[in-house]
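Please look over the sequence and the three-dimensional model shown here, and keep both in view while reading the report that follows.

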Number of protein chains: 2
Amino acid sequence: MLSVEAQKMGFRVIILDPSATCPASSVCHDQIVGGLSDLNSLLKLADLVDVITFEIEHIDCDSLLQLQQQTGKTIYPNPNTLSLIKDKFSQKTFLKQHNLPTGDFREIKNKEDLKTAIEDFGLPLMVKARFGGYDGKGNFVINQTNDIDQAFEELDSENLYAEKWIPFQKELSVIVVKSQDGDIKTYPVVDTYQQNSICSTTVAPAQISLELQDKARKIAFDVLDKIEAVGVFAIEMFLTKDNQILINEIAPRVHNSGHWTMEGCVTSQFNNHIRAVTGLPLGSTQMLVPVVGMVNILGANYNFLSDDLPKVLAMEKVFVHNYGKIEARPNRKMGHINILANSYSELDQKIQDLK
Amino acid sequence: MLSVEAQKMGFRVIILDPSATCPASSVCHDQIVGGLSDLNSLLKLADLVDVITFEIEHIDCDSLLQLQQQTGKTIYPNPNTLSLIKDKFSQKTFLKQHNLPTGDFREIKNKEDLKTAIEDFGLPLMVKARFGGYDGKGNFVINQTNDIDQAFEELDSENLYAEKWIPFQKELSVIVVKSQDGDIKTYPVVDTYQQNSICSTTVAPAQISLELQDKARKIAFDVLDKIEAVGVFAIEMFLTKDNQILINEIAPRVHNSGHWTMEGCVTSQFNNHIRAVTGLPLGSTQMLVPVVGMVNILGANYNFLSDDLPKVLAMEKVFVHNYGKIEARPNRKMGHINILANSYSELDQKIQDLK
């Protein structure tokens, strides 16, 4: 989706990916088949391009830093920022240092630390791996003191931290983009709904008061204002039961909670990311219709092309984005469907029909 | 643009084109480098795909027919329809036979025929090559009887016909699509503006009465109703000085006068063409905003990427589509810009700013 937008503006796109049949392989000028953290592959890529960006955070930051130093090529977002965000504990520390709202947390070096954390923060308590988690992986919920051993077995016991449990009423996300000139634009807040810790649906704008919407967008703006960043970021948030907005996590890339912007906004997150990393002015993040939904197509239900496509395409203002992934696995994100609507009730009906 | 839409729906796309660096080469799963009328290349293509379509009419119809017979593979639109349309004289004859409105015309086999045509139709008189014309090429205007020799020298003298001069106030176009089930949908009428016989700008909806808009869409509907067709067609029309609508030409493919539909309509002409040729239901042709313009980027002004892109992208609701053609030639269509607006005056201002 990034590559198609880049090409629309006239850029040539070279993809680095370990799989020769990855989704981007059929929408690029050339591909280097190689690991994202493999310095030789990165050097090959750097040799062919003027600007480097990424859309996954599981890349070795040291490789990127070395690449930047060795070649002088620009990487957006900055590898140091990636490094800061990849370590969830340092991310949280950064937020706290800059007075950005987030829940209480604490480094956990051993089982003793965890016991003390339980005493101070209470139960349940969320324990997280500092590195590499996604879609709920790398998280462990301590419900009773007896769970401590299991948490240390299941997670990377050397790199843990604990988060005080946040009783939330909603999960929100704000996509935000910063240009090379420092211009920052936020998209409308979305409600994100998860099943088994995987995003299943988003609804824009979030069904919260305008005041809370403004507050969430202001928080996302402030994060990008404080962090060294060029490009699109997603700021995932909790709306707590007492109507506080707390930052859950920052994603340093275009994000599933921003896929609705493709047909939903004047400028999609993908188009704005390309504008940002190539030094172009940002486009409007305004919505084109009152309400926009997004539903993920997950692997388990995936005979989509043959059976369901005609039914889906017969619906009004429904847009299919199939990523062309060859292998379908349970819960793998195979594509998504965007839905334009005039009201939340129209959207709800369409989402029900789709499901 | 077709390929990107096909991929969104989950299709694999193989392109046949003589140039390895053609625009589609960077948005397809695979490419066969070969001539569009070369039977061997066509057979290679047929071997790899289930459905074949084309987006240029300058293909040898006999090759396509042979391909269809030899492989049993479906080609949309039908090669016989392509053949009918490619010969502008048989196209006109078809329109007349089906009582579809078009100007008077006559086959011209020799200079005597042309003299008689001048006597019957008057001057000026339009002489056209039956085959292969585009962007004004293959047309010759006879202003005086003395011009006859020159017309026969400049055009393919074996295959000519004459069209009675049509004093028109406007040129219109309607994009229309027919599905495999015979469902037909027309897009809103556009005004098309040409410079040196090349389309420079389109405006949707055309600035004519609603009654005339309905009439033009009805004519386009009727053409697809009468012709054996699956896919998108463009029906170019004249609005005469006495408010008659006459069909000028049929294009059996997605068309420059439909490029505005990409951001302008719920379903673009490209998306609907792919739906049609793959047997899927057609999507809504409704506009998303009140007024949509399209401006072509022509070769002569083409240092677009470096100089003008930031200025263009700083404008609101302006969408750049650069085709990634490597060689810029005067008047070559290198890309287009779509413009969304709330009023014709807003659109006019934006078009002026763009130019």
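Predicted model: local features only at pLDDT ≥ 70, side-chain atom pairs only at ≥ 80, totals over all residues.

Residues are numbered from 1 along each chain as its sequence is written, chains are lettered from A and ligands numbered from 1 in the order in which they are written, and side-chain values use heavy atoms, with hydrogens and water left out.

**The interface**

The size of an interface is often given as the accessible area lost when the parts come together. Between chain B and chain A, the buried area (the accessible area, found with a 1.4 Å probe, that two parts lose on being put together, summed over both) is about 2800 Å², and carbon and sulfur atoms give 61% of that area. Lys8(B), Ser26(B) and Leu313(B) supply 20% of what chain B buries against chain A, more than any other three residues.

Counted by contact (heavy atoms within 4.5 Å), 32 residues from chain B and 32 residues from chain A take part. Across this interface there are 10 residue pairs in polar contact, both residues being at pLDDT 80 or more; a polar contact is a pair of N or O atoms within 3.5 Å, where within protein one must be able to donate a hydrogen and the other to accept it, and residues adjacent in sequence count only if both atoms are side-chain atoms. On the side of chain B that touches chain A, the elements giving two or more residues are α1 (2–8), α12 (309–313) and β16 (318–322) of chain B, where helices (H or I, at least four residues) and strands (E, at least two) are DSSP runs numbered from the N terminus. The largest share, 5 residues, comes from β16(B).

Two packed helices are described by the angle between their axes and the distance between the axes. Axes are lines fitted to C-alpha atoms, for helices over the stretch in contact, and angles run from 0 to 180 degrees between N-to-C directions.

| Helix pair | Axes come within | Crossing angle |
|---|---|---|
| α3(A) (61–71) and α4(A) (79–86) | 9 Å | roughly 170° |
| α4(A) and α5(A) (88–97) | 5 Å | roughly 100° |

Angles under 35 degrees count as roughly parallel, over 145 as roughly antiparallel, 65 to 115 as roughly perpendicular and the rest as oblique. Therefore α3(A) and α4(A) are roughly antiparallel to each other, whereas α4(A) and α5(A) are roughly perpendicular. Residues of α3(A) including Cys61(A) and Leu64(A) meet residues of α4(A), among them Pro79(A) and Leu82(A). Where α4(A) meets α5(A), the residues involved include Ile85(A) from α4(A) and Phe94(A) from α5(A).

**Backbone details**

The peptide bond from Leu123(A) to Pro124(A) is cis, with omega near -10°, and Pro124(A) lies in the loop between α6 (111–121) and β6 (125–129) of chain A. In chain B, a cis peptide bond joins Tyr76(B) and Pro77(B), with omega about -10°. Lys317(A), although not a glycine, has a positive phi of about 55°.
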